[in-house]
Structure formats: C-alpha cells, structure tokens
Amino acid sequence: MTTLDAEVLVIGSGAGGAVTAATLARAGRRVVVVEEGPWVDPDALEPFSLEEMVAKYRHRGLSAALGSPTIAYAEGRCVGGSTEINSGLWHRLPPYLADEWRHTYRIDEFSPETLDRYAEGVERELSVSRVPGAPPPSSAVLERGATKLGWRNVEFSRVFRYDTNGRGVKQTMTRTLLPSALDAGASLIADCSVTRLLRKGDRIIGARCRRRHAGGAVEHITIHADHVLQRSGVRHGVGAGLKLHPTIKIAARFPQPLDHDGVPMHRITEFAPNLTIGGSASRRGHVAMALAESAGDYRDALDNWEHVLVYYAAIRSDAGGRVMAVPGARAPLVTYRLTEADMSRLARGLVHLGEVLLAAGATELYPSVADGLVARRTEDLVAWWDAVTRRRTNLMTVHMTSTVRMGEEQSRTGADSFGRVWGFRNLRVNDASLLPDAPGVNPQSATMTIAARNVAHFLAEA
C-alpha cells in the first residue's frame, strides 16, 4: 500500500479539474490530481478516429442513458477528460440564464458581470478565438441555409490557437492547464480510480485509490488530504438531477464534396435556447453510422461519403435523469426519460434541421429515425412529424450536467454557491455537475468559468 499526502486532492482532470489544479498549484498549494483514465498525448491519435474513441472514451464510446428512447452519450475517460475529444466550441453562459439560475437556486456572486470577469481570464489563457478567414464549407452550409430562411445564426468561438498560416490546434487540458499545474508543482496520477473516500465526521480526510500499471499490475494508494475536490462519492442531494441535451441527427448529402476534418462552428440560434441546430463530427465512420439509422437505401450515399455530412438539432429537455452507483459495478447506471413535450421538440428540431439543409442545397436527407423517409424536397419533411416516436428515434448527447446542483436552496441542491457539498466542511465539487440545468450550448465555457470563480473563493477563505 502506497501512502501519499496532499493539501488538496483533485479527483478528475477535465475542464473543471484542470482549472482547479492549475490555479491552486500556482498559488502554492500542494496538489495531487488523480484521473481514472490514461494520459494520451494529444498529438498521438487522429481526432474523431476509431483509435481515439478506443483510447479516450468511456466504454470506448459505447455508453447510454437508459430510457424510452435510450440516449447514447460520449464522455472522455482520459487525462483532460472530454476536452480531449470534444469540438472545442466556446459559448459563454447566456446572461439571462445566469440570472435565472441565480434567482431560482439562490446562487451567491453569480451575476453575468461576475461570470464574464472570470470567463475573460480563462479565454486569455486558452486563446479562445474565431476561425481566421472564411469558415470551412461544412460550417458555411448552416450559415447559408439560415440566411436564406431568414433565421438567426452565429459563429461560435473555439478553444483553438491559430498560427500565422491559419492552422489551428485545439487547446485541450493536456496542452494547457495540466502542464501548467505540473510546472507549478502539482502531481498527477493517471490510470487511477478512487474506490472510497475516507470520512471522519463532517470531513473527508483522503481517498483510497486503485492504480493500474502497464502489464496489468495493480497498486493500491491511500492519499491523505486537507481538502478534496471530486466528481462523485456521496449520495445526499447528488445524482438525481441529471440534465442533458438530447440530440437528433440528419446525414445530409450534397452535390459536391465537403470538408470532414473538424466540426462546424456555426450554430442556428433562431429557436434558442430550447432548440439549437449545429454540425457534428463527420468522418467516414460517423457518416456510416448516421446513414444506417435511417431505413433508406444508403449504399450509394456511403460510397460517396465525401459528399455527406452529419448535422443535428439539440433540445433543452423538461426531463431529468439519475446517475446511480450500482454495487459491484465499476460504472454507474445512467437513466433518462424524455417527456412527451421533449419528443415534440425533437420532431420540431428534426423538421427545422431538414428545412435549413435543403435550403443550403442538400439533395438527400437521412434522419436518425428507424424507417424514416429519406427527404429530397421540403414536402417530404411532413412525414417526419409522426416518425419521431420513442420506439423509432435514435438519440445521442455529449453534454451531461446538473447532478450536484449549486446554490443556497438546500432542498434543491447538492452543494452551496461555491461547490461545497452540503454536510461536509472540506469536500467540494467543481465541474459541470454544478450547473443547475443544461445550458442549451456547449457547457465547457460555463464549467471552466464557474470553476475559476469557485477556486478564487476557496483561496480567499481556506
């Protein structure tokens, strides 16, 4: 048994954990970060490839929230978490949503002005910016279709650093904040899962961990700590408030080949915040899976996959879900049941997505609905309204939030306004779990902004 000591133990190295570790290490705190997944060099694997999915995704990308319908989800399980596998899109928490959450959950120091101040600091460090020059054709499709229909659309910034030639490199946590934390004296232990938090009264005094070494050897580690910032491990007020963005897709075929390297940065916001339209990863494997979810004869489209791109409509749902620990299982059980209103929103989103893609010049639309009609004209979209049912619809998501809501309304939250878990003096959560609801946009900005705010508060009082 190996024993280590730390002033602060950070469990999880994703967007929130990386902000936490870097800020505390720079402030002179003795920080140990543990991450259940491996360290994978950010340049070692092709983005959105099968090899990356196997190496970096939880369950190799085969995860699902059980319900009717089941919702497939993708989550990073590696050093850097989902920042290593996502599109890098950056959208600040909308001010009206910050105000809504502040009043509903009584969150202290949560005004849009306060959050913007912390967001600016994170954005400077990560070189958040827009694509220099014209957008790639895959993104211009959304802009062109929305403009033709008179719909609002926006180009999102990205967590990318661009060189003088316009070449962009995604600023994942393994490229930015985690190396900064290590340079400031933090330690990071990869392939190390926490099996138990050690409790003494209302304090967490450390954690027992299980580290996997190359070759299969297992090392048991006990880490003693004065403060613990973690993702899970307690039950009261935790796990029952899961929120996500259910997403329905279309594989759209165009007359000309388009780019397939990245993810479109344009989003259609005409129906926001409850419905957003955007583009997805569209490598050959993604295109094949999207085409297969429709009943149409897609063989010719697959043979010409360079002409096919995958787009989506995502909703903010009324539904909620749960993340539950199951005795004897290493992974939690995730459940999520959509409401009838959610199913109606998804049908509306699919039709609007079809409208904009046809307006942009698509010739064939393959919806992610079993036995869904392949649409070639606007009139064909009418059939999709009744096709979006619980039995026929294939959904996915990449954004999971809200299992430890923050705020001073104890009956509705799992942690206070700054992430301290109710009932504990020194246990904090500092990731997307704190968001009171799914924000309707990529939550990385909100997660990192709130994490930076919470760490500043921690340093002021601890």
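Mentor: Begin with contacts around one residue. This model is predicted. Beyond its neighbours within four places in sequence, Ser-13 is in contact with Ala-18, Val-33, Glu-35, Cys-78, Val-79, Gly-80, Gly-81, Met-173 and Leu-178. Ser-13 itself sits in the loop between strand 1 (2-11) and helix 1 (15-26).

Trainee: Is Ser-13 buried or exposed?

Mentor: Buried means under 20% relative accessible area. Ser-13 has 0%, so it counts as buried.

Trainee: Which polar contact joins the side chain of Ser-13 to another side chain?

Mentor: The partner is Glu-35, at 2.8 Å. The Ser-13 side chain also reaches the backbone nitrogen of Gly-80, at 3.0 Å.

Trainee: Now the nonpolar core. Which residues of the largest one touch the most other members?

Mentor: Tyr-311, Leu-357 and Leu-365, in a core of 45 residues. Helix 9 supplies its largest share, nine residues. Another core, of 34 residues, lies apart from it and includes Val-34 and Trp-101.

Trainee: How many cavities of 30 Å³ or more does a search of the whole structure find?

Mentor: Two. Helix 4 (112-126) and helix 11 (444-461) each give two or more residues to its lining. By class, that lining has seven nonpolar, two polar and two charged residues.

Trainee: And what lines the second largest cavity?

Mentor: Leu-229, Phe-418, Arg-428, Asn-430, Asn-454, Val-455, His-457 and Phe-458. Its space is about 40 Å³. Helix 11 gives the most to this lining, with four residues. The classes are four nonpolar, three polar and one charged.

How values were computed: Residues numbered from 1 in each chain as written. Predicted model: local features only at pLDDT ≥ 70, side-chain atom pairs only at ≥ 80, totals over all residues. Heavy atoms only, no water. Core = buried A, V, L, I, M, F, W, Y, C linked by side-chain atoms within 4.5 Å. Buried < 20%, exposed > 50% of the residue type's maximum accessible area, 1.4 Å probe, protein only. Polar contact = N/O pair within 3.5 Å; in protein donor to acceptor, adjacent residues only side chain to side chain. Contact = heavy atoms within 4.5 Å. 1 Å grid on protein atoms, 1.4 Å probe; cavity = no way out; pocket = protein on both sides within 12 Å on 5 of 7 lines; lining within 4 Å. Points joined across faces, edges and corners; volume = space filled by probe spheres on them. Nonpolar A, V, L, I, M, F, W, Y, C, P; charged D, E, K, R; others polar.
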